[in-house]
Amino acid sequence: MAEVLVYVDHVDGAVRKPTLELLTLARRIGEPVAVALGAGAGDTAAALAEHGAVKVLTHDASEYADYLVVPKVDALQAAVESVSAAGSLAAVLVPSSAEGKEIAARLALRIGSGIITDAVDLEAGDEGPVATQSVFAASFTTKSRVSKGVPVVTVKPNSTAVEAAPAAGAVESLAVTFSAQATGTKVTGRTPRESTGRPELTEAAIVVSGGRGVNGAENFALIESLADSLGAAVGASRAAVDAGWYPHTNQVGQTGKSVSPQLYIANGISGAIQHRAGMQTSKTIVAVNKDAEAPIFDLVDYGVVGDLFDVVPQLTEEINTRKG
């Protein structure tokens, strides 16, 4: 069976959920071979093996932390060449983050392959892996495949459920020679993002968002309370962000982040096309809006026509009561 390279997103050896989702998808089209780079790469092996990695290729060097994406592209290219020389390579899968898409694009260019970004599903096809995408502001769903070279595919978080499938997870050292471009852009400093204790927006299983109807930064406390009762991430519409009510890092939409949680709750959000583009692939959508004609109601699974200042506190109270 052909092998599938999976780029590992981890923090000091702690594997992030989107990588485990990639391993689940990779098993549909071949045998997953994980590529873990940087500090703690060796510590990822147990989690990766538990979720189906037959091999874990590791390499640690200061370049991964000291410079931007090129060293990682060099390493993935080395992995592609190594696996291709030893057998058949079906695809390269990368998490669909901003960094992941840059890595994937650079890799595809280097190896002369096609690329598919922001896939929401992946399946085996007669002529190679077939990816499902939600396109044109989520108005259409397409199925496509790469027709040249080894397919490079980035997959959106929450595209599939994580499934354990214990495998050998044999750890092998990856030989990497860095290119001259690897040290072209140096990281001169880092400022840790202040932790809110909530899930990362693009990876969260539940997202609670507020829009223009929240009517002020101080009122986002209602949205945060509901989110905390559900263990959810907090999102915001562009109108709320532009008004200065919530940080841009939490903006959901075409000019913000794309999310695809199991549950998305939109509060005081009209449902403009640019917002829908960032959340329309959510599995279940609930909206609270006092305007019964708001476009968001054309999209939802469940809608509540009412004032969010009445509905949200009651919902939060009920959830906390049921949690006991």
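**Salt bridges in the predicted model**

A search of the whole structure identified 15 salt bridges.

Arg-16 pairs with Asp-9, with 3.7 Å between the closest N and O atoms. This contact belongs to a network of salt bridges that links Asp-9, Arg-16 and Glu-203. Arg-16 has a relative accessible area of 27% and is therefore classed as partly exposed.

A salt bridge also joins the side chains of Asp-228 and Arg-198, at an N to O distance of 2.7 Å. Asp-228 is located in helix α6 (residues 220-230), whereas Arg-198 is in the loop between β11 (170-173) and β12 (206-210), so the pair ties together parts of the chain that are 30 residues apart in sequence. Both partners are partly exposed: the relative accessible area is 42% for Asp-228 and 22% for Arg-198. Arg-198 is not counted as buried, because that class requires a value under 20%.

The side chains of Glu-318 and Arg-322 form a further salt bridge, with an N to O distance of 2.8 Å. Here both residues lie in helix α9 (residues 308-323), where they are four residues apart, or about one turn of the helix. Glu-318 is partly exposed, at 38% relative accessibility, while Arg-322 is exposed, with a relative accessible area of 69%. The two partners fall into separate classes because exposed residues are those over 50%.

Notes: Residues are numbered from 1 along each chain as its sequence is written. This is a predicted model: local features need pLDDT of at least 70, side-chain atom pairs count only at pLDDT 80 or more; totals for chains, interfaces and linings use all residues. Side-chain values use heavy atoms; hydrogens and water are left out. A salt bridge is a side-chain nitrogen of Lys or Arg within 4 Å of a carboxyl oxygen of Asp or Glu. Buried means under 20% relative accessible area, exposed over 50%, partly exposed in between (1.4 Å probe, protein chains only). Helices (H or I, at least four residues) and strands (E, at least two) are DSSP runs, numbered from the N terminus.
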